[in-house]
Amino acid sequence: MAYKELNHNAFLQCGGFGLPGACSPDGETNFKTTWAVEINYYMDLGFLPPDMQYFAISGRAGFYGPKGNSNQPLGPASGGTPSKTELNSEPIRLTFDASKAVWGAKYTHFVDLWVAYRYWQNKFGLDHNSAPGVCTLAGGVSTNSCTESSLYSGITVKF
């Protein structure tokens with residue numbers, strides 16, 4: 001796919017949190033168009049005994065190419081930090097179909113409870129190995145802020 005990121009960032013806006021001489025009048029960030037590949041899968045765990053067939057696994061991964069200078073549109077006044085390829089993934093999600101378990105097959109996926117693992121490398125396109133002051137401290141020590149690795153859970157309700 002082609003991927004284009006446009007967003008508003010108050011930290012870049014002049015008169016707000018922006019640095020004098022290195023700010024954007026409207027706070028808009030307009031990155032270059034790049035490539036993207038997204039992959040999804042879903043599988044009911046039908047091999048379980050009939051009284052336990054309420055579980056499914058799923059996952060996704062998105063790869064997004066470099067989108068230009070991370071400091072766009074601030075230009076040369078802000079220096080330059082080329083963005084890197086991003087990997088934003090949820091390789092595994094275990095879902096329990098609570099509505100099917102309680103009210104029967106007619107109500108499949110009305111209420112799902114799930115737990116998942118997320119891995120996001122080069123978060124927002126920032127190079128996790130070498131974005132000075134953001135992803136690494138002086139001397140190349142990682143701040144662990146440009147790679148996310150987390151376990152989380154949730155509930156999905158269909159209306």
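## Exercises on a predicted model

The side chains of Glu 86 and Lys 67 form a salt bridge, with N and O 3.3 Å apart. A salt bridge here is a side-chain nitrogen of Lys or Arg within 4 Å of a carboxyl oxygen of Asp or Glu. The pair links distant parts of the chain: Glu 86 lies in strand S6 (residues 86-97) and Lys 67 in the loop between S5 and S6, 19 residues apart.

The model is predicted: local features need pLDDT of at least 70, side-chain atom pairs count only at pLDDT 80 or more, and totals for chains, interfaces and linings use all residues. Residues are numbered from 1 along each chain as its sequence is written, and side-chain values use heavy atoms, with hydrogens and water left out.

### Exercise 1. The fold

Task: State how many helices and strands the protein has, and in what pattern they follow the sequence.

Solution. 
- Step 1. Apply the rule for elements: helices (H or I, at least four residues) and strands (E, at least two) are DSSP runs, numbered from the N terminus.
- Step 2. Count them: the protein has 1 helix and 8 strands.
- Step 3. Read along the sequence: the pattern is β-β-β-β-β-β-α-β-β.
- Step 4. Look at the contacts, where contact means heavy atoms within 4.5 Å. Of the contacts between residues at least 6 apart in sequence, 57% join residues at least 24 apart.

### Exercise 2. Strand pairing

Task: Find which sense S4 and S5 pair in, and over how many bridges.

Solution. 
- Step 1. S4 and S5 are joined by 9 bridges and pair in the antiparallel sense. One partner pair is Val 37 with Phe 63 in S5.
- Step 2. Turn to strand S1 (residues 2-3): 2 bridges join S1 to S4, and these strands run antiparallel. Tyr 3 has Thr 34 in S4 as its bridge partner.

### Exercise 3. Glu 86 and its surroundings

Task: Decide whether Glu 86 is buried or exposed, and list what it touches.

Solution. 
- Step 1. Take the cut-offs: buried means under 20% relative accessible area, exposed over 50%, partly exposed in between (1.4 Å probe, protein chains only).
- Step 2. Glu 86 counts as buried because its relative accessibility is 7%. Lys 67 is buried as well.
- Step 3. List the contacts of Glu 86, leaving aside neighbours within four places in sequence: Gly 62, Phe 63, Tyr 64, Lys 67, Trp 120, Gln 121, Asn 122, Lys 123, Phe 124 and Gly 125.

### Exercise 4. Other salt bridges

Solution. 
- Step 1. Glu 90 and Arg 93 meet through their side chains in a salt bridge (2.8 Å, N to O). Glu 90 is buried, because its relative accessible area is 5%. Arg 93, at 18% relative accessibility, also counts as buried.
- Step 2. Arg 118 forms a salt bridge with Glu 148, the closest N and O atoms being 3.2 Å apart.
- Step 3. Arg 118 counts as partly exposed at 23% relative accessibility, whereas Glu 148 counts as buried at 15%.
- Step 4. Salt bridges that share partners join Glu 5, Lys 67 and Glu 86 into one network.

### Exercise 5. Leu 45

Task: Locate Leu 45 and decide whether it is buried or exposed.

Solution. 
- Step 1. Leu 45 sits in the loop between strand S4 (34-44) and strand S5 (55-64).
- Step 2. Leu 45 counts as buried because its relative accessibility is 12%.
- Step 3. Not counting residues up to four places away in sequence, Leu 45 touches Gln 53, Phe 55, Ala 56, Ile 57 and Leu 94.
- Step 4. Ile 57 is 12 residues from Leu 45 along the chain, and their C-alpha atoms are separated by 7.2 Å.

Notes
Pairing = 2+ DSSP bridges.
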